[in-house]
Amino acid sequence: MMMRHNPCHHTVLTYTSFNDGKDWVRSNIIDLGGKGDHSGVTESCIVQLKDGRLWQLIRTN
């Protein structure tokens, strides 16, 4: 999770590794906007499905 400023709101971001987890780089930022310290998106989790796809769950207001 990452706080954005001006206007203040929460975002969620992901990290990617290209070398089996030795190093990580910030990749996607999910920003639904909002205004205020309780707006935006928070508390993300990622689940790998049986077919290999990733499913990301994100809490909003």
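Is R53 buried or exposed? R53 counts as exposed, at 53% relative accessibility; buried means under 20% relative accessible area, exposed over 50%, and partly exposed in between (1.4 Å probe, protein chains only). This is a predicted model, in which local features need pLDDT of at least 70, side-chain atom pairs count only at pLDDT 80 or more, and totals for chains, interfaces and linings use all residues. Residues are numbered from 1 along each chain as its sequence is written, and side-chain values use heavy atoms, with hydrogens and water left out.

**Salt bridges**

- The structure holds three salt bridges (a side-chain nitrogen of Lys or Arg within 4 Å of a carboxyl oxygen of Asp or Glu).
- D31 and R4 form one of them, at 3.8 Å from N to O. D31 lies in the loop between β3 and β4 and R4 in strand β1 (residues 2–4), so this pair ties together parts that are 27 residues apart in sequence. Strands are DSSP runs (E, at least two residues), numbered from the N terminus.
- D31 is partly exposed, with a relative accessible area of 35%. R4 is also partly exposed, at 30%.
- R59 and E43 meet in a salt bridge at 3.1 Å, N to O. The pair links distant parts of the chain, with R59 in strand β5 and E43 in strand β4, 16 residues apart.
- R59 counts as partly exposed at 48% relative accessibility, whereas E43 is exposed at 54%.
- R53 pairs with D51, their closest N and O atoms being 2.8 Å apart. D51 is exposed, with a relative accessible area of 51%.

**H10 and G40**

- H10 sits in strand β2 (residues 9–16). H10 is buried, at 13% relative accessible area.
- G40 belongs to the loop between β3 (25–30) and β4 (41–48). G40 is buried too, at 14%.
- Beyond neighbours within four places in sequence, H10 contacts M1, M2, M3, D37, S39, G40, V41 and T42. Contact means heavy atoms within 4.5 Å.
- With that same exclusion, the contacts of G40 include H9, H10, R59 and T60.

**Nonpolar patch**

- V47, W55 and L57 make a nonpolar surface patch of about 270 Å². Patches are made of residues with over 30% relative accessible area and no salt bridge; like charges are joined within 9 Å, nonpolar side chains (Val, Leu, Ile, Met, Phe, Trp, Tyr) within 5 Å. Accessible areas come from the Shrake-Rupley method with a 1.4 Å probe; for residues, only the protein chains shown count as cover.
- W55 is placed in strand β5 (residues 54–60). W55 is partly exposed, at 47%.

Key. Helices (H or I, at least four residues) and strands (E, at least two) are DSSP runs, numbered from the N terminus.
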